[in-house]
Amino acid sequence: MSTTVATADPLAALGTLPGVAESVESVRKAVDRVYGHRIMRRRSNAITSEAALRGARGSAALSGADWALEEVRRRTDFSGDDEARVLGAALRLSAEAGQLLSVWRQSPLRVLARLHLVAAAEAGDAVGRPRQAGEEVHEPLIELPPPSAPEVSGRLEGLSELIVTGSSAPALVTAAVVHGELLALRPFVSHNGLVARTAERIVLIGSGLDPKSVCPAEVGHAELGRAAYRAALDGYVSGTPEGMAAWIGHCARAVELGARESTAVCEALQRGAA
């Protein structure tokens with residue numbers, strides 16, 4: 001994490017940046033609205049399943065496979081062209097996220113390796129481990145020059161230490177930093193965006209902010225658009241307080257939009273049951 005905020009708990013310090021507290025409160029209200037919906041008391045599993053599908057679709061869209069939701073729902077074979085494989089990777093990661101919560105708290109790097117392995121769905125020397133010197137990165141959405149392999153290794157260790165040590169920072173802040181750091185580093189040779197967005201979801205679930213995983217931030221990131229996503233990431237990479245606050249605010253808006261999406265699903269189910 002590159003930021004001008006220096007403290008024993010850098011994640012907590014980010015929570016004090018201008019506008020971040022307001023973003024945190026806005027997200028809490030949006031999440032509470034979903035969890036307070038009457039449909040959640042009876043059909044939360046259905047909402048979780050739908051959120052997983054829509055989140056995977058949104059994450060894939062940001063990685064270049066922008067398919068209609070009904071096409072994703074209808075398709076059973078994702079082994080065809082490049083876009084189909086991206087969709088398949090996003091769906092596999094969405095299914096995997098909830099299985100890794102306990103491991104994440106103890107060994108984030110192990111989880112990240114597992115996520116890349118699931119996304120790549122293939123054997124190979126470069127799969128399931130950080131890239132090494134001389135290995136190229138395939139991540140078409142992010143045009144920033146990738147950090148060197150030694151820098152990636154050091155910053156991954158630092159990120160892992162922050163997670164294992166714990167922080168008093170709001171879940172939103174931690175999730176945004178994990179997401180932003182993985183995008184900035186692009187630690188794997190491929191699928192970094194998909195892995196970063198899945199890691200964000202794991203933090204939101206494991207923190208208790210969204211324990212049933214019904215507020216898919218990936219939906220919001222896709223709705224806000226690829227240009228806004230890249231611009232917000234530029235703010236994170238800058239390491240300035242203003243840039244970091246802008247990235248956290250962008251992630252907050254994405255969670256809010258994901259919550260709104262699931263609220264609409266709840267409303268549709270309620271109308272169908274009436």
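**A tour in questions**

Modeller: Gladly, and please keep in mind that this is a predicted model. Let us begin with the second largest pocket, where helix H6 (101-106), helix H8 (149-165), helix H9 (171-185) and H10 each supply at least two residues of the lining.

Colleague: Which helix gives the most to the lining of the second largest pocket?

Modeller: The pocket holds about 270 Å³ of space. It has 16 lining residues, and those closest to its centre are Trp104, Ile163, Thr174, Val203 and Ser207. With four residues, the helix that gives the most to this lining is H8.

Colleague: How do the residues of that lining divide into nonpolar, polar and charged?

Modeller: Helices H6, H8, H9 and H10 each bring at least two residues to the second largest pocket. By class, the lining of the second largest pocket divides into one charged, six polar and nine nonpolar residues.

Colleague: Let us move to the largest pocket. Which helix gives the most to its lining?

Modeller: About 440 Å³ of space lies in the largest pocket. Its lining counts 19 residues, and Asp82, Arg85, Val86, His138 and His191 lie nearest the centre. Two helices, H5 (82-97) and H7 (108-120), each supply at least two residues. With five residues, the one that gives the most is H5.

Colleague: And how many residues of the largest pocket's lining are charged?

Modeller: The lining of the largest pocket is made up of 19 residues. Eight of them are nonpolar and five are polar, while the number of charged residues is six.

Colleague: How much space lies in the largest cavity?

Modeller: Rolling a probe the size of a water molecule over the atoms shows where empty space is left. In this structure, one cavity of 30 Å³ or more turns up. The space in the largest cavity is about 50 Å³.

Colleague: Which elements give two or more residues to the lining of that largest cavity?

Modeller: The residues that line the largest cavity include Gly55, Ala90, Leu194 and Glu218. By class, this lining has four nonpolar, four polar and two charged residues. The elements that give two or more residues to the lining of the largest cavity are helix H3 (38-62), H5 and H10.

Colleague: Is Leu209 buried or exposed?

Modeller: Leu209 sits in the loop between H10 and H11. Beyond its neighbours within four places in sequence, Leu209 is in contact with Val27, Arg28, Val31, Tyr35, Ala171 and Leu204. The C-alpha atoms of Leu209 and Val31 are 7.7 Å apart, although 178 residues separate the two along the chain. Because the relative accessibility of Leu209 is 18%, and under 20% is the cut-off, Leu209 counts as buried.

Colleague: That loop also holds Ser213. What value does its phi have?

Modeller: Ser213 lies between H10 and H11 and counts as buried, at 10% relative accessibility. Ser213 is a residue other than glycine, yet its phi is positive, near 55°.

Colleague: Is Ala121 buried or exposed?

Modeller: Ala121 is in the loop between H7 and H8. Although Ala121 is not a glycine, it has a positive phi of about 50°. Its relative accessibility is 52%, and since exposed means over 50%, Ala121 counts as exposed.

Colleague: What is the relative accessibility of Leu62?

Modeller: Leu62 lies in helix H3. Setting aside residues up to four places away in sequence, Leu62 touches Leu141, Arg197, His221, Ala222, Gly225, Arg226 and Tyr229. Leu62 counts as buried, with a relative accessibility of 1%.

Colleague: One last stop: in which helix is Ser262?

Modeller: Ser262 is buried, with a relative accessible area of 3%. Apart from neighbours within four places in sequence, Ser262 is in contact with Val34, Ile47, Ala51, Val214 and Pro216. Its place is in the helix spanning residues 241-273, H13.

How values were computed:
Residues numbered from 1 in each chain as written. Predicted model: local features only at pLDDT ≥ 70, side-chain atom pairs only at ≥ 80, totals over all residues. Heavy atoms only, no water. Buried < 20%, exposed > 50% of the residue type's maximum accessible area, 1.4 Å probe, protein only. Contact = heavy atoms within 4.5 Å. 1 Å grid on protein atoms, 1.4 Å probe; cavity = no way out; pocket = protein on both sides within 12 Å on 5 of 7 lines; lining within 4 Å. Points joined across faces, edges and corners; volume = space filled by probe spheres on them. Nonpolar A, V, L, I, M, F, W, Y, C, P; charged D, E, K, R; others polar.
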